[in-house]
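Me: I'd like to learn how to read the cavities and pockets of a protein model. Could you walk me through one?

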Amino acid sequence: MPRILRINTRTKDFKFEELGDYAGLGGRALTSRLINNEVPGDCHPLSASNKLVWAAGVLANSGAANSGRISCGAKSPLTKGIKESNSGGQFAQVLPRLDILAVVFEDKPEADSGFSIVEIYSDKVVFKDASSIVGKDNYEAHEELKKVYGDKAVTALAGPAGEQCLAASTIQFSDPHKNPARSAGRGGMGAVMGSKKVKAVVLDPEASGRGKPADPEKFKAARKRWTDILMGHPVTSEGLPAYGTAILVNIINEAGALPTKNFRYGRFDKVSEISGEKIAEVIESRKGKTKEGCHTGCVIQCSQRYNDKNGDYLTSGFEYETVWGFGANCLISEIDDIATMDRICDEKGIDTIEMGCTMAVAMDGGVLPWGDGKAGIELLKKVGSNDPMGRIIGNGTDFAGQAFGVDRLPTVKGQGLPAYDPRSVKGVGVTYATTPMGGDHTAGYAVATNILKVGGDVDPLSKEGQVELSKNLQIATAAIDALGLCLFVAFAVLDTEDAVQCICDLVSANHGIEFTAEDFIALGVNTLKDELEFNAKAGFNKSDDQLPRFFSEEKLEPHDTIWDYSVEDLQAAKV
């Protein structure tokens, strides 16, 4: 039976527990319930009172397509509210093979304690000295771990940014291609890991096997139908595999919603140089890979392998948001510079979206010139070093704004906004403002319906229908995260009549329970209620559910749109 593993990072004690009150939960539902139940809302995110929870989803290790996502939860050092940061990689596939559904890192070592490597087995936890990899960038650290634990070592790393407890730091998970390239990127989860003096976590290299469904025949039928649904939709079977998420660069630019020069404009005049089509062309010319999965069992294959000019591996998971953040938002059009910055972020363990916003703020503050990719590379290299500039940048957009005297700060609840201007994609603007996660597009991806016309058609420029759209998507997304499914399955789910029922059949057959569409909705609603309840205890109120004032005061070309929602308007988006 799956268990919860609790690890005290101060005493180095551990205990395995039955799920108890957390039975029936997984992924984001489990992390958010546990944080709400067990972490004081008013605690400091880097204190011993905070907990770091990693949870595989309800469908983890089942063999269902795209069910290998991991949820990382804690009180966020960046937003000061609850956080679930979601990642691919192999961790959520292997953890259940140890009969472990979730790991909870508790307490905090003394300040002068060294960092540890934590080995997790089905019956024990072993702490080892991490001095050999402390201070190393993530790729080098992972290579050192592979020498000890084998070429296919499944690891999680806090990079140099996490060691310094910087508020925009990530946790980097190893992927099927033996790289630490998958990020639990948003909200500073790496800082919480660093505060607990955990440099790396390694799962038992001997772990193997796949879970056995309670009803094998029913599960087999549901799994086949689920794969057919994903492979039958043009976004998940054609667009994303061909161009990755960067397929959106041209689409969002054409829609007039590609934030340019720190959210001043909706279109970038050099967009062709950073488009998904351009990236695919470069990848193919250098014998990289235009499609690969971020975890075993992924059938969408939206990741890629981007090589440098010499044909050597540079980066993967080269996402639309990263291309936008270091590209249009900073007026940088050299795609190799943007790819290099993506790699640096993976090396240092720092969120690319937050860094894209932060770098634009640095440019607004005169710290480096607009459009200078080489200067951006040198700035990012300072993160995790002893240079105070690295600490300023690594603590995110609001922190950098204070340091550089800039008041144009595109953040909500302290977190930098992603790659869609809310004035011209108003549904996602509602999500930015109202999700408990802070400025986050994945929490309710209204771009699907506003721009891509998936699951219906709600005019992105109109105020009508956006609040209801965002609310429904936030509920569905929370449920998808709880199940451990990749968010991108939502494109096919929204357009396929029996998709939700198919998901319910997978859960029912896998666990030998009756799981209905009503249960699916309740899973999402209850997760959001936990998160909103925690944030209320942390001191948030409805006045925090709003975008920065400049979105309401400045019209965005080419549609001359503004953000025109009041705080009261937005409250209807909450469960």
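This is a predicted model: local features need pLDDT of at least 70, side-chain atom pairs count only at pLDDT 80 or more; totals for chains, interfaces and linings use all residues.

Me: Which residues line the largest cavity?

Reply: Its lining is made up of Thr 434, Pro 436, Lys 471, Gln 474, Ile 475, Leu 528, Leu 532, Ala 573, Lys 574 and Val 575. Two elements give two or more residues each, α18 (466–483) and α21 (517–537). The largest share, three residues, belongs to α18.

Me: What is the make-up of that lining by class?

Reply: You will find six nonpolar, two polar and two charged residues around the largest cavity.

Me: Now an open space, please. What volume does the second largest pocket have?

Reply: A pocket, unlike a cavity, is an open set of points. For the second largest pocket the volume is about 750 Å³. It is lined by 28 residues, and Met 1, Pro 2, Val 58, Asn 510 and His 511 are the closest to its centre.

Me: Which elements give two or more residues to this pocket's lining?

Reply: Those are β2 (14–18), β6 (100–106) and α20 (499–511). With three residues, α20 provides the largest share. By class, the pocket's lining has 14 nonpolar, seven polar and seven charged residues.

Notes:
Residues are numbered from 1 along each chain as its sequence is written. Side-chain values use heavy atoms; hydrogens and water are left out. On a 1 Å grid over the protein atoms alone, a cavity is a set of points where a 1.4 Å probe fits but cannot get out, and a pocket is an open set with protein on both sides within 12 Å along at least five of seven lines; lining residues have an atom within 4 Å of a point. Helices (H or I, at least four residues) and strands (E, at least two) are DSSP runs, numbered from the N terminus. Ala, Val, Leu, Ile, Met, Phe, Trp, Tyr, Cys and Pro count as nonpolar, Asp, Glu, Lys and Arg as charged, and the others, Gly among them, as polar. Grid points are joined across faces, edges and corners, and a volume is the space filled by probe spheres set on the points.
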